[in-house]
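User: I'm new to this structure and would like a close look at one part of it. Could you walk me through the salt bridges and what surrounds them?

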Amino acid sequence: EDRLQIALLGLLNAVDRFDPDRGVSFSTFAWATIVGELKRFHRNSGWAAHVPRSLQELHLRTSAAVEHLTIELGRSPTLLEIAALTGDDVEAVVEGVELNGARHAASLDSPAGEDGDSPRDIAVEAGFAHVDTKMHVAALLALLPARSREILRLRFVEDMSQSQIASRLGLSQMHISRLLTQALQTLRASGLADPAVLN
């Protein structure tokens, strides 16, 4: 019924926009307009939440890259490998992968888990814990000089080796190792330090 209504809407749009001077028959023009409306309907209704088209395309690119690399490498690809294949930056790849959750929503009537928590409750609690951890790490990193923060970012976010970081920053690997050790010691020794976050 929904598809029929969308098709009729496409037909009305075709009637409004049809120009006989273009030399195309009405049936051809109407067919293309109706198919376009149906494709747009399926694209938009295929997601549990409204997602802009650019993000839908990002998700499709990322998913295709993950599938291709998994077959080629025989293992799950890293974010950097996916980014290299798609041409997107790592943050965009993370967003594209996470968009998979927007395709399907959990039912409000879904049964509770074995421990009495529904999947929604577990997801919400895990989300809050993640936010707390991010805020805690941000507060810890604010204690460090900018160069130490950059070294930590390159090591733990970009997953670069100490020699790669040394090459990037124009320092020796030994100096990078010393700065990295000092930064981690500072974080561990701070009153805010939480071993669960830093280990």
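Analyst: Happy to. A residue is called buried when its relative accessible area is under 20%, exposed when that value is over 50%, and partly exposed in between. Keep in mind that this is a predicted model.

With that cut-off, Asp88 counts as buried because its relative accessible area is 18%. Its salt-bridge partner is Arg61, and the closest N and O atoms of the two are 3.1 Å apart. Arg61 itself is partly exposed, with a relative accessible area of 36%. This pair links distant parts of the chain: Arg61 sits in helix α3 (residues 53-73), while Asp88 is in the loop between α4 (79-86) and α5, 27 residues apart.

To place this in the whole, the protein chain has 10 helices and zero strands. Buried residues account for 22% of its 199 residues, and Asp88 belongs to that buried group, at 18%.

The structure holds five salt bridges, so let us visit some others under the salt-bridge cut-off of 4 Å. In helix α7, Arg153 and Glu150 lie three residues apart, about one turn of the helix. Their closest N and O atoms are 2.9 Å apart. Arg153 is partly exposed at 33% relative accessible area, and Glu150 is partly exposed too, at 27%.

Another salt bridge joins Asp159 to Arg155, with 3.9 Å between the closest N and O atoms. Here Asp159 is exposed, at 55% relative accessibility, whereas Arg155 is partly exposed, at 27%.

Asp89, Glu91, Glu95 and Glu98 form a negative surface patch. One of them, Glu91, lies in helix α5 (residues 90-98) and is exposed, with a relative accessible area of 69%. Asp88, by contrast, is buried and is paired with Arg61 in a salt bridge.

Key:
Residues numbered from 1 in each chain as written. Predicted model: local features only at pLDDT ≥ 70, side-chain atom pairs only at ≥ 80, totals over all residues. Heavy atoms only, no water. Patch = residues over 30% accessible without salt bridge, like charges linked within 9 Å, V, L, I, M, F, W, Y side chains within 5 Å. Areas by Shrake-Rupley, 256 points an atom, 1.4 Å probe, with all protein chains shown as cover. Salt bridge = Lys/Arg side-chain N within 4 Å of Asp/Glu carboxyl O. Lys, Arg positive; Asp, Glu negative; His and termini not counted. Charge placed at Lys NZ, Arg CZ, Asp CG, Glu CD. Helix = DSSP H or I, 4+ residues; strand = E, 2+ residues; numbered from the N terminus. Buried < 20%, exposed > 50% of the residue type's maximum accessible area, 1.4 Å probe, protein only.
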